[in-house]
Every structure is written in C-alpha cells, then in structure tokens.
Amino acid sequence: MNGSPDPSPVFVITGASTGIGAATARRAAEAGHRLVLAARSTDKLEALAAELGGEERAIAVGCDVTEWDQVQALAARAQDAFGRVDVVFANAGFGGPRGFTAGEVDHWRSMVLTNVYGAALTIRAFLDAITATKGHFLLTGSVAGRRSLAGSLYSATKWAVTGMGESLRQELNGTGARVTLIEPGMVDTPFFDDKPTNALQADDIARAVLFAVSQPPHVDVNELLIRPTAQDN
Ligand SMILES: NC(=O)c1ccc[n+]([C@@H]2O[C@H](COP(=O)([O-])OP(=O)(O)OC[C@H]3O[C@@H](n4cnc5c(N)ncnc54)[C@H](OP(=O)(O)O)[C@@H]3O)[C@@H](O)[C@H]2O)c1
C-alpha cells in the first residue's frame, strides 16, 4: 500500500458472527474502527465484513477460540491485514441448561473451554499487540458472573471471566493498556433457543462497549453491569 498508513484503530471481536459481537462490530465501524471479525461460522462473518466496507475496513477470520493455533493465526492475520491492534473484545461464549445433572458433559467441556480457556487464549495471543498500542481488552462476562445462578456451570464460567478481567487489569497496570468487563443481563440474541421477553437488544450492549472504548486514555472503565430495567435478579 502507498502513502501513510491508515490511522484508524483496529478492533478485533471474537464471537462476531451474531448477537452482541455483530452489533458491536457495526457500532465500532460507525465510530471509525477497522474490524477483525472472528467466529467459527465464516459465512455470517464474510457477509458482515462485506456490509462493513470489505477488506480495507473489515476482514472475516474463521477461528475456534478453544484452539491455540487458530487463535495465534487470528492474531497474525490481524497484524498482516492492518499492522496493529488497538481493541480486543473477547466475547465468544455460550450457555447451557441449568442443573448439575442437566445436559451432556461434552457440552460442559466445550462451554468451559470456550468461555474460560478461549478468553484466556485470546488474551495471551494479543497481549503484546495490545501493550504495544496502549490498547484495550474487553471481556464479555455476565450478570451471572457477579451473582450465582442456581445449578449453573455457565454462571461459574462467567465468575471465572470476572476474575480474569481483574487479574489482567492488574498485570497490565503501568503499561497504559486498559481492561473492561462487559456484564450483560438478559439480551435477545441467538444465545437463547426461545426468544426472551423484556430483554436488552444486542445494540444496547454494543453502545456500552463503545462508551468504554471511547473514553480518554487516562480513564479505564473497569466494569459495566447492564440489566434490562425489567430484570429482577
Ligand atoms: N444473551 C445474553 O443474555 C447474554 C448475557 C450475558 C452474557 N452473554 C455473553 O455474551 C457473549 C455473546 O453472546 P450472545 O448473547 O451475543 O450470543 P450469540 O449470538 O449466540 O453469540 C455467540 C458468539 O460466539 C461465537 N462462538 C461460540 N463458540 C465459539 C468458539 N469456540 N470459537 C469462536 N467463536 C465462538 C458464535 O459464533 P460461531 O457459533 O459461529 O462460532 C457467536 O458469534 C457470550 O460470551 C455470552 O455468554 C450473553
């Protein structure tokens, strides 16, 4: 490419194919970020990348966050495409039925690996890039990571994410990089098999993400817990 490098910041999102991740991609693009969109289903990512301006502005990268080689390849692809990374939103995750005898143990394994190990691998792969730009990590926790839900291993995974966010904030203290935990209550996304009522919309969370990202460099919004007005617990 000729001329000076594009100054617009680069925003990486895992779990970008639907729901909160896709809504955040749209808001980030609107705010002038270039996007690296990651998830397992590349068809949806490619359609979103095209909608957001094509390869100069947004790229789609197939990545299972539970596979270290794929997460490393995601970080390398972001650098190859755009030369820097300013924001990483570790958002990929899913839930499961409540009850410690409910569901299948294989589902537990992939949920724990995605929600906890996947978030940690994402941090590991992008730590140097984010430190280099005095950038910003955001992790999607949950209200379920601030209060326990009965019979919910999902809730336990989100408690782990809450702990990881504060551990990471302390590790990065002094580098100029920032860490924000995004903790949604109920949001109407494909997370739920049945459409929830009185829920937040994915864009409600996307606006909160952009609020944290758009603060001046000396302000680190550590946590944003956002429930629908109608949610009691
Ligand atoms: N909806 C809610 O009420 C709510 C509340 C609190 C927290 N959250 C959290 O918000 C985050 C986003 O969820 P959402 O509500 O937006 O649901 P969603 O629409 O189902 O989005 C989940 C995203 O994660 C991706 N994903 C799942 N497993 C993955 C893996 N192993 N590797 C890479 N990507 C993976 C999915 O894409 P692929 O399947 O294509 O990989 C999808 O893009 C999750 O961490 C969830 O726990 C949701």
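## Largest pocket

The largest pocket of this predicted model has a volume of about 1,200 Å³. A pocket is an open set of points, on a 1 Å grid over the protein atoms alone, with protein on both sides within 12 Å along at least five of seven lines. Grid points are joined across faces, edges and corners, and a volume is the space filled by probe spheres set on the points. The lining counts 47 residues, where a lining residue has an atom within 4 Å of a point. Gly93, Phe94, Gly95, Tyr154 and Phe191 lie nearest the centre of the pocket.

Which elements each supply at least two residues of this lining? They are α1 (19–30), β2 (34–39), α4 (105–132) and α5 (153–172). Helices (H or I, at least four residues) and strands (E, at least two) are DSSP runs, numbered from the N terminus. α1 gives the most, with three residues. By class, the lining has 18 nonpolar, 21 polar and eight charged residues. Ala, Val, Leu, Ile, Met, Phe, Trp, Tyr, Cys and Pro count as nonpolar; Asp, Glu, Lys and Arg as charged; the others, Gly among them, as polar.

## Cavities

The whole structure holds three cavities of 30 Å³ or more. A cavity is a set of grid points where a 1.4 Å probe fits but cannot get out. The largest cavity has about 70 Å³ of space. Its lining has 13 residues, of which Gly96, Pro97, Trp108, Met111 and Leu153 lie nearest its centre.

α4 and α5 each supply at least two of the lining residues of the largest cavity. α4 has the largest share, three residues. The classes are six nonpolar, six polar and one charged.

## α4 against α5

These two helices also pack on each other. The axes of α4 and α5 are 9 Å apart, at an angle of about 15°. Axes are lines fitted to C-alpha atoms, for helices over the stretch in contact, and angles run from 0 to 180 degrees between N-to-C directions. α4 and α5 are therefore roughly parallel (angles under 35 degrees; over 145 is roughly antiparallel, 65 to 115 roughly perpendicular and the rest oblique).

From α4, the contact (heavy atoms within 4.5 Å) takes in Trp108, Met111, Val112, Asn115, Val116, Ala119, Ala120, Ile123, Leu127 and Thr131. They meet Leu153, Tyr154, Thr157, Lys158, Ala160, Val161, Met164, Leu168, Glu171 and Leu172 of α5. This contact has 15 nonpolar, three polar and two charged residues.

## α3 against α4

Helix α3 (residues 68–82) and α4 have axes that come within 9 Å and cross at roughly 30°. That makes α3 roughly parallel to α4. The crossing is right-handed.

Trp68, Val71, Gln72, Leu74, Ala75, Ala78 and Gln79 of α3 meet Leu121, Thr122, Arg124, Ala125, Phe126 and Ala129 of α4. Nine of the contact residues are nonpolar, three polar and one charged.

## α1 against α6

How far apart are the axes of α1 and helix α6 (residues 202–213)? They are 8 Å apart, and the helices pack at an angle of about 55°. That makes α1 oblique to α6. The crossing is right-handed.

α1 brings Gly19, Ile20, Ala23, Thr24, Arg27 and Ala28 to the contact. α6 brings Ala202, Asp203, Ile205, Ala206, Arg207, Val209 and Leu210. By class, the contact of α1 with α6 has eight nonpolar, two polar and three charged residues.

## Basis

Residues are numbered from 1 along each chain as its sequence is written, and side-chain values use heavy atoms, without hydrogens and water. In this predicted model, local features need pLDDT of at least 70 and side-chain atom pairs count only at pLDDT 80 or more, while totals for chains, interfaces and linings use all residues.

Notes: Left-handed = near helix turned anticlockwise from the far one by under 90°.
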